[in-house]
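Welcome! Have a look at the sequence and the structure, then try each task before reading on.

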Amino acid sequence: MKKICFLIAFSFFTLCFGQQSKIALNQIGFATLKNEINTSSTIQLVDVRTQTEFSEGFINRAINIPIENKEKFKQQVQHLNKNKPIYVYCHSGYRSKIACSILKDLNFKHIYNFSGGWKLWSQMTF
């Protein structure tokens, strides 16, 4: 009986962690994002902060699609190309992780979260 319980628990544990690895988040750092901005003519860079935050400063070539209203966010990202890489950032990384998860659910293929966000970018470029 103990072996059966162990096998069930082990199978459940394996299944849960197997699903987690399928939705792993691609994190990128400052140097990688800066290189993409400088070399790609068609970069899809999305700032998910509020419009107020965006107006106070943003990464060059970014478009502002706030995540504060998830349904509106889902509608607005539909005009982006799902097959091209998309780079997402917020202030420090929390909201962009949520946005990346939504983009994954919407079948975007290559999603990258700039983990340092505007906070890091503004410190490194000023």
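**Exercise 1. Describe the salt bridge between Arg-49 and Asp-47, and say how buried each partner is.**

Step 1. Start with the atoms: the side chains of Arg-49 and Asp-47 come together in a salt bridge, at 2.7 Å from N to O. The term stands for a side-chain nitrogen of Lys or Arg within 4 Å of a carboxyl oxygen of Asp or Glu.

Step 2. Next, look at accessibility. Buried means under 20% relative accessible area, exposed means over 50%, and partly exposed lies in between, using a 1.4 Å probe and protein chains only. Arg-49 has 3%, so Arg-49 is buried. Asp-47 has 0% and therefore counts as buried.

A word on the model: it is predicted, so local features need pLDDT of at least 70 and side-chain atom pairs count only at pLDDT 80 or more, while totals for chains, interfaces and linings use all residues. Residues are numbered from 1 along each chain as its sequence is written, and side-chain values use heavy atoms, with hydrogens and water left out.

**Exercise 2. How many salt bridges does a search of the whole structure find? Describe the one of Arg-95 and the one of Lys-74.**

Step 1. The search of the whole structure gives three salt bridges.

Step 2. Arg-95 pairs with Glu-53, and their closest N and O atoms are 2.8 Å apart. Arg-95 sits in helix α5 and Glu-53 in helix α3 (residues 51-55), so this pair links distant parts of the chain, 42 residues apart. Helices here are DSSP runs (H or I, at least four residues), as are strands (E, at least two), numbered from the N terminus. Arg-95 is partly exposed at 23% relative accessibility, and Glu-53 is partly exposed at 21%.

Step 3. Lys-74 meets Glu-71 in a salt bridge of 3.4 Å, N to O. The two are three residues apart in helix α4, so about one helical turn separates them. Lys-74 is partly exposed, with a relative accessible area of 30%.

**Exercise 3. Which residues of helix α5 are buried, and where do they lie around the helix axis?**

Step 1. Helix α5 covers residues 94-105; its twelve residues reach 17 Å from the first C-alpha to the last, close to the 16 Å expected at 1.5 Å a residue. That expected span is 1.5 Å times one less than the number of residues.

Step 2. The buried residues in α5 are Ser-96, Ala-99, Cys-100, Ile-102 and Leu-103. Viewed down the axis, they fall within an arc of 160 degrees, so they line one face of the helix. The arc is taken from the directions from the helix axis to the C-beta atoms.

Step 3. Tyr-94 and Asp-105 are exposed on the other side of α5. The cover over the buried residues includes α4 (70-76), β4 (86-89) and β5 (111-114).

**Exercise 4. How many residues does the largest nonpolar core have, and where does its largest share come from?**

Step 1. A nonpolar core is a set of buried Ala, Val, Leu, Ile, Met, Phe, Trp, Tyr and Cys residues joined through side-chain atoms within 4.5 Å. The largest one has 17 residues, and Val-48, Phe-73, Val-77, Ile-86, Leu-103 and Phe-108 have the most contacts inside it.

Step 2. The largest share of this core, four residues, comes from α5.

Step 3. Leaving out residues up to four places away in sequence, Val-77 touches Ile-65, Leu-103, Leu-106 and Phe-108; contact means heavy atoms within 4.5 Å. Apart from this core lies another, of 14 residues, including Ala-62, Tyr-87, Tyr-89 and Trp-121.
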